[in-house]
Amino acid sequence: ECDYVIASVFVNPAQFAAHEDLSEYPRTVDRDLELLTQEGTDLVFCPTAADMYPPSFSTYVEAEGFTVTGEGGERPHFFRGVATVCFKLLNIVQPDRVYFGQKDAMQCAVMRRVVRDMNFPVDVAVVPTVRAKDGLALSSRNAYLNPDQRASAPRVFAALSRGKMEYERTCGTCSRSDLEEAVRRELAKEPLIERVDYVSVACTDSMRELTTVDSSTGAVLAVAVRVGSIRLIDNVILDPL
């Protein structure tokens with residue numbers, strides 16, 4: 001699709017709250033570079049935190065309305081950091097098209113809004129979530145999982161798939177509570193999932209929580225769970241029927 005491909009590798013400190021895992025977050029730059037080379041990437045941009053946030057840095061970008069529920073409600077600081085660093089990356093690189101992964105559904109929605117509101121001359125492309133063979137969404141935080149936790153983690157996608165099956169079985173007429181119940185019932189089958197932070201049924205554009213799903217427009221069905229102390233997020237798209 002593109003004549004020239006640039007990738008960025010950067011662990012963004014502005015996305016982490018004081019109590020979160022910035023210092024322990026997996027950093028695998030050598031492996032990242034190896035994989036990007038195999039995929040034919042033309043250039044990799046690996047800035048330091050000092051490059052992106054020089055002394056006395058005090059300018060941030062925030063898309064309003066995304067920090068009330070779902071992932072935004074759980075981590076209200078996160079999306080200001082996302083919007084700010086992506087704004088800077090777009091300014092630095094000036095691409096024609098920028099790609100985000102569907103796994104971070106709220107991030108995709110935030111950046112679509114930022115690009116639209118700030119008149120960036122760039123197309124936003126959202127690509128499907130990459131999964132392991134057992135369905136677990138690929139994530140840097142998967143490295144934290146011990147063998148038993150890793151074996152339990154595919155239950156997250158299984159639960160989302162169960163919710164999507166309920167949506168399709170009822171031709172989109174099921175209620176939000178029906179979808180949430182189907183997901184939670186499946187998650188409850190895995191004892192190593194110790195907590196469900198949320199089950200979200202939201203508009204794909206605004207990520208506003210829905211009480212009912214309009215089958216002509218669909219929705220995003222998303223979850224965040226704790227496997228031990230490790231937080232996993234995932235989502236599936238409920239396509240229009």
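Predicted model: local features only at pLDDT ≥ 70, side-chain atom pairs only at ≥ 80, totals over all residues.
Figure 1. The protein chain is divided into domain 1, which covers 6-127, and domain 2, which covers 140-238. Taken over C-alpha atoms, the centres of domain 1 and domain 2 are separated by 24 Å, and the contact takes 19 residues from domain 1 and 17 residues from domain 2. The size of an interface is often given as the accessible area lost when the parts come together. Between domain 1 and domain 2 the buried area is about 1600 Å², with 46% of it given by carbon and sulfur atoms. On the side of domain 1, the residues E71, E74 and K103 supply 27% of the area buried against domain 2, which is more than any other three residues supply.

**Figure 2. Polar and charged pairs across the domain interface.** Across the interface of domain 1 and domain 2 there are 3 salt bridges, and 9 residue pairs are in polar contact, with both residues at pLDDT 80 or more. The helices α3 (70-74) and α5 (105-117) each supply at least two residues of the side of domain 1 that touches domain 2. Of the contributors to this side, α5 gives the most, with 5 residues. By type, the residues of the side of domain 1 that touches domain 2 divide into 7 nonpolar, 3 polar and 9 charged.

Figure 3. Side chains of opposite charge can pair when their charged atoms come close. The structure holds 20 salt bridges, and one of them joins the side chains of E71 and R231, with 2.7 Å from N to O. In another, the side chains of D197 and R226 meet at 3.2 Å, again given from N to O. D197 lies in strand β5 (residues 193-202) and R226 in strand β6 (residues 219-227), so this pair ties together parts that are 29 residues apart in sequence. D197 is buried, with a relative accessible area of 14%, whereas R226 counts as partly exposed at 22% relative accessibility. Through salt bridges that share partners, E71, R195, D197, R226 and R231 are joined into one network.

**Figure 4. Close-up of E186 and its surroundings.** E186 is placed in helix α8, which spans residues 176-187, and E186 is buried, with a relative accessible area of 8%. Not counting residues up to four places away in sequence, E186 touches R155, A158, A159 and R162. With R162, the side chain of E186 meets in a salt bridge of 3.8 Å, N to O. R162 lies in helix α7 (residues 155-169) while E186 lies in helix α8, so the pair ties together parts that are 24 residues apart in sequence. R162 is partly exposed, with a relative accessible area of 39%. The side chains of E186 and K189 are joined by a polar contact of 3.1 Å.

**Figure 5. The salt bridge of R116 and D117.** The side chains of R116 and D117 meet in a salt bridge of 2.9 Å, N to O. R116 counts as exposed, at 54% relative accessibility, whereas D117 is partly exposed, with a relative accessible area of 42%.

**Figure 6. Two loop residues with positive phi.** Most residues other than glycine have a negative phi. Q94, however, has a phi near 55 degrees, a positive value in a residue other than glycine, and Q94 lies in the loop between α4 (78-93) and β3 (97-101), where this residue is exposed, with a relative accessible area of 62%. For N119, phi is near 60 degrees, which is likewise positive in a residue other than glycine. N119 lies in the loop between α5 and β4 (123-127) and is exposed, with a relative accessible area of 65%.

Figure 7. V11 is found in the loop between β1 (6-8) and α1 (29-38), and V11 counts as partly exposed at 22% relative accessibility. Leaving aside its neighbours within four places in sequence, V11 is in contact with F16, L22, Y25, P26 and R27. V11 and A49 are 38 residues apart in sequence, and their C-alpha atoms are 8.1 Å apart in space.

Technical notes:
Residues numbered from 1 in each chain as written. Heavy atoms only, no water. Domains from an automatic or database assignment. Contact = heavy atoms within 4.5 Å. Buried area = accessible area lost by both parts, 1.4 Å probe. Salt bridge = Lys/Arg side-chain N within 4 Å of Asp/Glu carboxyl O. Polar contact = N/O pair within 3.5 Å; in protein donor to acceptor, adjacent residues only side chain to side chain. Helix = DSSP H or I, 4+ residues; strand = E, 2+ residues; numbered from the N terminus. Nonpolar A, V, L, I, M, F, W, Y, C, P; charged D, E, K, R; others polar. Buried < 20%, exposed > 50% of the residue type's maximum accessible area, 1.4 Å probe, protein only.
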